[in-house]
Structures are given as C-alpha cells and as structure tokens.
Amino acid sequence: MQQIKKLSISGLPLLHSGKVRDSFGVDEQRRLIALSDRISAFNLKIKTAIPEKGAILNSLANFWMQQTQQIIPNHFLAQIDPNLTLVKEAKSFKIELVVRAYLTGSIWRAYAKGKRLFSGLKLPDGLRKNQAFEQPILTPTAKTENDEEMSPAEIIAAGLATADEWNYLAEKALALFAFGQKYLAQKGILLVDTKYEFGKIGDQIILIDEIHTPDSSRFWRQADYEKDPLIVEQLDKEFLRQWMLANKIEGQLPQELPESVAQETSRRYREIYECIVGEKWSPSSEEPAQRMAKNLLKAGLVEQLPTVELK
C-alpha cells in the first residue's frame with residue numbers, strides 16, 4: 001500500500017501544509033483536512049513515512065471530537081475518507097494549551113538540568129521523574145517553529161488572546177483533559193500530557209486540530225506505572241523520540257528511520273487506537289489516491305473525479 005507523504009487534489013487549493021496535515025479550501029465556511037503518513041518529533045519533519053498513520057490519527061481524532069462535544073463545540077463536520085475530514089473554517093488562536101499531569105518528557109529533561117519556571121509557572125525543587133502533579137498544570141506555548149513557552153500574562157500582552165478568552169481556553173483545556181483522564185482510566189491507560197488548539201467562528205470559540213492522539217498526547221499503562229513509575233511502557237510516539245535520542249549521528253538527531261522503527265511506530269498507533277476505541281483497526285484495501293478521489297466526488301466536494309497525487 002502506497003504511503004501518503006504529501007497530497008495534491010485537483011480543483012481544491014492547498015491552504016496550508018503542516019507537519020502531518022495538509023489543508024485544502026472548499027468554501028468560506030469549510031476546509032478539507034488531509035492526514036498524511038508523515039510524522040514529526042522534536043519539531044523535526046521525519047523523512048520516513050509511517051504506514052497507516054494518517055488514517056489511524058484521523059479516525060482517532062474524530063472519535064474524540066464526537067465524544068467531547070458536550071464540553072466545547074468543535075470543527076468536525078464529517079469524515080469522508082480514512083484520511084480526509086471536512087471541518088468548519090475557523091480563525092485559530094496562535095497558541096497551544098499544553099496540559100500535563102506528570103513530570104516527564106521535555107519538561108522533565110529541562111527540570112533535571114535545573115530549570116524551574118515553565119510558561120510562568122514555577123515548580124518546586126525535589127520532584128522526581130514521572131512524578132504526578134497534585135493537579136494537572138498548564139504550560140502554554142506560542143505556535144512558532146520552536147513552540148516558545150509563554151505565560152498567560154505574556155499571551156494576553158502579545159494580543160494572542162484577551163483575558164476573557166484565555167480564561168475560557170484554560171477552563172476548557174482542563175475540562176477536556178479531565179474527561180480524557182476519566183475515559184482512559186476505564187481502559188487502564190493514564191493520560192500523561194497533551195496539547196489542545198482552539199479557534200473562533202465569529203464570537204464562538206471551538207476546539208480544532210486534534211485531541212488525545214499519539215501525535216498530541218502521551219499515554220502510559222496504569223498497571224506499569226503502579227508497578228514502577230520509572231519503567232513504564234509508552235503507548236505513543238515517545239518510543240520514536242527515545243530511538244532518535246539514542247541514535248544520533250555526529251550529535252544530530254536522525255531524520256530517517258529504519259523500516260523496523262517505522263513498523264513498530266505504526267504498530268503502536270494501531271494499538272492505542274484499538275485500546276481507546278474498543279474496535280480492531282481495519283485498514284482500507286483500496287489504493288489511497290483512487291479511494292480519496294472517489295470519496296471526494298461522492299461527498300460533493302468536487303464536480304468531477306479529481307486527480308489526487310501522493311508525493
């Protein structure tokens with residue numbers, strides 16, 4: 001099966017090409033989000049594609065969007081293909097709201113080197129790796145190339161959100177996280193940390209992008225954590241990050257993956273999907289370009305069968 005690195009769709013203009021998503025214009029109220037098989041880590045665009053990743057990520061993000069509509073409206077309209085989702089057009093806030101329940105990952109690596117101030121929040125001395133916070137914390141970042149940390153006061157001063165908007169965003173981010181924690185606890189999974197993105201349609205604030213996926217979140221098995229917090233299996237792309245850290249080339253993180261690492265990453269995406277949704281992942285057997293073209297026409301987003309290229 002051909003892997004999807006980058007898409008072009010005749011008749012639909014490309015609006016934006018991100019780390020893993022390509023956005024196409026439909027009309028003033030809607031856009032089409034195409035999930036590729038690209039993967040990123042440490043803000044690097046990895047050259048090796050991950051089999052089935054885009055379809056898994058798309059389906060899982062849309063599952064969560066439908067599960068959390070009662071907390072905040074979101075951009076989801078319809079999934080028209082395993083890799084394609086029709087969404088509402090919204091003006092995005094240029095910030096990411098990162099919610100953390102444990103001292104791990106990048107924040108632990110910085111903490112271990114002596115850093116204590118994160119996005120305006122000061123952590124105490126004496127914390128241990130993978131230690132749970134008393135309450136989840138917010139460490140927002142600006143949506144820049146390096147995901148710059150910003151305090152709420154800095155976000156407001158920079159005009160990225162008003163004080164009222166920030167308070168609403170923070171409240172909803174923590175509510176979404178609490179919902180995710182409770183839902184996943186029933187599956188024996190800990191939601192360790194995640195990020196949320198929001199946008200506006202007129203005066204209405206909505207949830208956009210993705211939610212509680214292996215790309216945006218860190219998951220642990222609860223049984224592993226209770227047995228030994230320092231040796232806990234990662235159910236996300238932390239596996240990939242750790243492989244990259246352990247396989248630097250002349251001090252630089254690798255941007256190409258061996259086939260075995262790509263396949264193991266794919267397996268982990270399938271595993272977390274099946275665990276969360278409660279259904280076995282069933283990949284499409286159709287060639288993706290022809291399948292997408294047919295589904296775009298069926299959904300009425302194009303007037304004639306388009307040419308879909310996977311670069």
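Student: How many bridges join β7 to strand β8, and in which sense do the two run?

Tutor: Four bridges join them, and they run antiparallel. Keep in mind that this is a predicted model.

Student: What makes that a pair of strands?

Tutor: The rule asks for at least two bridges between two strands, and β7 with β8 has four, so they count as paired.

Student: What makes β2 and β3 a pair?

Tutor: Three bridges, in the antiparallel sense. Ser17 has Asp22 in β3 as its bridge partner, and a hairpin of three residues links β2 to β3.

Student: Which sheet do these strands belong to?

Tutor: An open sheet of five strands, in the order β2-β3-β4-β8-β7, paired antiparallel.

Student: Why are β2 and β7 called edge strands?

Tutor: β2 (14-17) and β7 (76-81) each pair on one side only. From one strand to the next, the twist averages 25°.

Student: What packs on the sheet?

Tutor: Helix α1 does, touching β3, β4, β7 and β8, and its direction makes about 150° with that of β7. Then there's helix α8 (residues 288-298), which lies across β4, β7 and β8 and runs at about 130° to β7.

Student: Which residues of α8 are buried, and what covers them?

Tutor: Pro288, Ala289, Arg291, Met292, Ala293, Asn295 and Leu296 are buried. The cover includes β1 (7-9), β4, β7, β8 and β18 (308-310). Just after α8, Gly300 takes a positive phi of about 75°.

Student: Back to α1. Why is α1 described as roughly perpendicular to α4?

Tutor: The axes of α1 (residues 53-67) and α4 (residues 163-185) come within 12 Å and cross at roughly 110°. The perpendicular class covers 65 to 115 degrees, so that crossing falls inside it. That makes α1 roughly perpendicular to α4.

Student: Which residues meet there?

Tutor: From α1, Phe63, Trp64 and Gln67; from α4, Phe179, Gly180, Tyr183 and Leu184. By class, the contact has five nonpolar, two polar and no charged residues.

Student: Let's turn to charges. How many salt bridges does a search of the whole structure find?

Tutor: It finds 19.

Student: What makes Glu165 and Lys200 one of them?

Tutor: Their closest N and O atoms are 2.8 Å apart. The cut-off is within 4 Å, so the pair qualifies. The pair links distant parts of the chain, with Glu165 in helix α4 and Lys200 in strand β15 (residues 189-201), 35 residues apart.

Student: What makes Arg218 and Asp193 a salt bridge?

Tutor: Their closest N and O atoms are 2.5 Å apart, and that is within the 4 Å cut-off.

Student: Where do Arg218 and Asp193 sit in the chain?

Tutor: Arg218 is in strand β17 and Asp193 in strand β15, 25 residues apart.

Student: Why do both count as buried?

Tutor: The limit is under 20%. Arg218 comes in at 7% relative accessibility, so Arg218 is buried. Asp193 is at 6%, so Asp193 is buried too.

Student: What about Asp209 and Arg21: how far apart are their closest N and O atoms?

Tutor: 4.0 Å, and they form a salt bridge. The pair spans 188 residues: Asp209 is in the loop between β16 (204-208) and β17 (217-221), and Arg21 is in strand β3 (residues 21-25). Both are buried.

Student: What does Gln204 touch, leaving aside its neighbours within four places in sequence?

Tutor: Pro73 and Gly199. For scale, the C-alpha atoms of Gln204 and Arg100 are separated by 26 Å.

Notes: Residues are numbered from 1 along each chain as its sequence is written. This is a predicted model: local features need pLDDT of at least 70, side-chain atom pairs count only at pLDDT 80 or more; totals for chains, interfaces and linings use all residues. Side-chain values use heavy atoms; hydrogens and water are left out. Axes are lines fitted to C-alpha atoms, for helices over the stretch in contact, and angles run from 0 to 180 degrees between N-to-C directions. Angles under 35 degrees count as roughly parallel, over 145 as roughly antiparallel, 65 to 115 as roughly perpendicular and the rest as oblique. Contact means heavy atoms within 4.5 Å. Ala, Val, Leu, Ile, Met, Phe, Trp, Tyr, Cys and Pro count as nonpolar, Asp, Glu, Lys and Arg as charged, and the others, Gly among them, as polar. A salt bridge is a side-chain nitrogen of Lys or Arg within 4 Å of a carboxyl oxygen of Asp or Glu. Buried means under 20% relative accessible area, exposed over 50%, partly exposed in between (1.4 Å probe, protein chains only).
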